[in-house]
Amino acid sequence: MAERNNPALGMLSRRSLFSLFTATSVVFLLSWFFVLQSAGGGGGGGRPRFIDHGLQPTAKLLATLDAGSREGRGENEVNPSVGNRSILMDSEEEAGEAPRAKADVKCSLPDSNNKVALKVYMYDLPPEFHFGLLDWKAGGNRIWPDIRAKVPDYPGGLNLQHSIEYWLTLDLLSLEFADSLGGRGAVRVHNSSEADVIFVPFFSSLSYNRYSKVNPHQKKSKNKLLQEKLVSYLTAQPEWKRSGGRDHVVVAHHPNSMLDARMKLWPAMFILADFGRYPPNIANVDKDVIAPYKHVIRNYADDTSGFDSRPTLLYFQGAIYRKDGGYVRQELFYLLKDEKDVHFSFGSVQKDGIRKATQGMRSSKFCLNIAGDTPSSNRLFDAIASHCVPVIISDEIELPYEDVLDYSQFCIFVRTSDAIKENFLINFIRSIGKNEWTRMWQRLKEIENFYEYQYPSKDGDAVQMIWQAIARKVPSIRLKLHKSRRFAHSLGHTESGLTSFQSPKNFW
Ligand SMILES: *[C@@H]1O[C@H](CO)[C@@H](O)[C@H](O)[C@H]1NC(C)=O
C-alpha cells in the first residue's frame with residue numbers, strides 16, 4: 001500500500017536497486033577476472049587442476065607459487081615457471097579466450113626475460129672437508145676434483161640417503177663449465193660480495209657415517225675434529241663476520257651430523273632432514289630448509305599398475321624403536337596384524353630387504369610412514385618413488401618444499417592420537433575409493449622428479465628444488481641482516497657487529 005501511495009519512494013528504491021545491481025555486477029565481473037587470472041587458466045581449482053592439463057609438473061606446481069610466495073622477490077627471483085606460465089597464457093589466447101589473457105602475458109614477460117638465479121659463493125675449503133672424505137686424493141694444491149674427467153664415487157647403500165651435500169657441491173662445481181645454465185636454480189659467483197648466500201661444502205653426513213668412531217690412539221673422532229676445525233675456519237672468514245653467519249648455508253642432513261658444530265653455527269641456514277633433534281632456537285622452519293632423503297628404492301619406471309592390480313592395501317616395513325616412536329609402531333602393529341591385506345613387519349631395510357621392499361611397495365596401494373626415533377624417514381621418499389600413496393603418521397614431520405607443494409594432493413595424513421584408536425586407521429584407508437586413490441597415484445608420478453638427486457642435475461629435480469627453496473629464504477635473511485645493522489654505528493661496531501657465540505635468544 002505504501003509503495004503505491006508514494007511513487008517517489010518506489011522510484012527511489014527501484015533506482016537504488018538498480019545501482020545495487022550494477023555494483024554487484026561490477027564486483028562479480030571483477031572477481032571473475034581475478035579468479036581467472038590467479039588460476040592461471042587452470043580451471044576448476046582444487047585437486048584436479050594439476051592433473052587435467054598436459055603441462056609439465058614443474059610448470060603446474062610453480063604456477064601456484066608464481067602467484068603467491070614468489071612475488072616481491074624482485075631481481076633475485078629464480079623463476080623458471082614464468083616462461084611456462086606465459087606459454088600457457090599464449091596458448092589460451094590462441095584459443096581466442098579472452099582479452100584479459102593479454103594483460104597477464106604482458107605482466108609475466110619482463111620476469112621471464114630477466115630470470116636471475118640464486119647467486120652462490122662456495123668456500124674453497126680444504127679437501128679433507130669434502131672429497132677427501134671420499135678418498136679422493138688431491139694432487140698438488142688442488143682443492144676440487146676435475147669432475148669432467150671423473151666424478152668421485154659416493155659410497156653406496158644406506159649412506160646415500162643423506163648424500164645431499166655431495167649433489168649440491170657437484171652442481172656448483174659443474175656450473176663452472178656447463179654450456180647452458182637454462183633451468184638451473186643457482187649460479188656460482190667468485191666474489192662473495194655479490195652472493196646471495198655462502199655455501200659451506202662440508203660433507204657432514206659422510207663425516208658422521210664414516211668417522212664417528214674414536215680410534216684407540218685418538219682422543220676425539222675425526223668427525224669431531226673436523227667440526228672443530230670448520231667452526232674455527234668459518235668464524236675467521238670476513239664473509240662470516242660480515243653477516244654473523246646468517247647468509248651461510250650449512251648442510252647437516254643426517255640427524256646426528258654436526259652435533260657439535262651446530263651449537264656454534266646456528267645463525268646459518270641449515271639443510272636438514274627434520275628438526276627432531278634440534279632445539280627450536282637452533283633450527284626452525286623459518287630459517288632452515290628441509291631436503292628430501294635420497295630414496296634407496298629405485299623409481300618405478302613405466303608404472304602401469306593401478307588400484308586393482310596392487311593387492312596389498314597398506315604396507316609397512318621398519319624398525320621398532322624403544323624410544324618415543326616405538327610405542328606408536330607397536331600399537332599400530334597390534335591394531336593391524338589381523339587384517340589380511342595389510343603387510344606390517346619390523347626390521348630395517350638391508351641388502352635383500354631393498355629388493356623385498358621394492359616389491360612390497362610397488363604392489364601396495366598405501367604405504368605407512370610412522371614417526372620413528374626422528375619425525376622423518378627415508379621411507380616416505382621410497383614410497384613416492386614406488387607411487388605408493390604415503391600415509392603419514394608423524395605429528396611433528398616437516399616436509400620438503402611444503403611452501404610451494406600441497407602434500408594433501410598425494411599423501412594421507414593421520415594424527416597419531418587418531419591412528420591408535422581402534423579401527424580408525426583401517427576404516428579410514430578402506431574408505432578411500434579407486435578414483436581418489438588414482439588421482440593421488442597420478443600426482444605422485446608428476447611430482448616424483450622433485451625428489452631425484454642426480455648428476456648432472458636437471459630442471460625440477462631435488463638439487464634445483466633445494467636451490468629454489470634456499471632462494472625463497474633470501475629476502476628474510478636480508479631483512480634480518482639489515483635490521484642487525486641498525487645500531488651498528490652507534491655502538492661503534494663495524495659491519496654486523498656480531499660474533500657467532502652470542503646466545504640465540506638475543507640474536508634475532
Ligand atoms: C666484489 O664485488 C664488490 C661489489 O660488487 C666490488 O665492490 C668489489 O670490487 C669486487 N671485488 C673484486 C675483487 O672484484
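A polar contact is a pair of N or O atoms within 3.5 Å; within protein, one must be able to donate a hydrogen and the other to accept it, and residues adjacent in sequence count only if both atoms are side-chain atoms. This is a predicted model, in which local features need pLDDT of at least 70, side-chain atom pairs count only at pLDDT 80 or more, and totals for chains, interfaces and linings use all residues. Residues are numbered from 1 along each chain as its sequence is written, and side-chain values use heavy atoms, with hydrogens and water left out.

**View 1. Surroundings of the ligand.** N191, S193 and E194 surround the ligand (a heavy atom within 4 Å of it). From the side chain of N191, an N or O atom lies 2.3 Å from an oxygen atom of the ligand. Of the 360 Å² of accessible area that the ligand has on its own, the protein covers 26% (Shrake-Rupley method, 1.4 Å probe).

View 2. Strands are DSSP runs of E with at least two residues, numbered from the N terminus, and two of them pair if DSSP finds at least two bridges between them. β4 pairs in the parallel sense with strand β3 (residues 197–200) over 3 bridges and with strand β5 (residues 269–272) over 3 bridges. V250 is the bridge partner of V200 and stands opposite F270 in β5.

**View 3. Confidence along the chain.** The average pLDDT (the predictor's confidence in each residue, from 0 to 100) is 80 for the protein chain, and 71% of the residues score at least 70. Residues 1–12 have pLDDT below 50 and, beyond near neighbours in sequence, 0 contacts in the model (heavy atoms within 4.5 Å).

Methods:
Helices (H or I, at least four residues) and strands (E, at least two) are DSSP runs, numbered from the N terminus.
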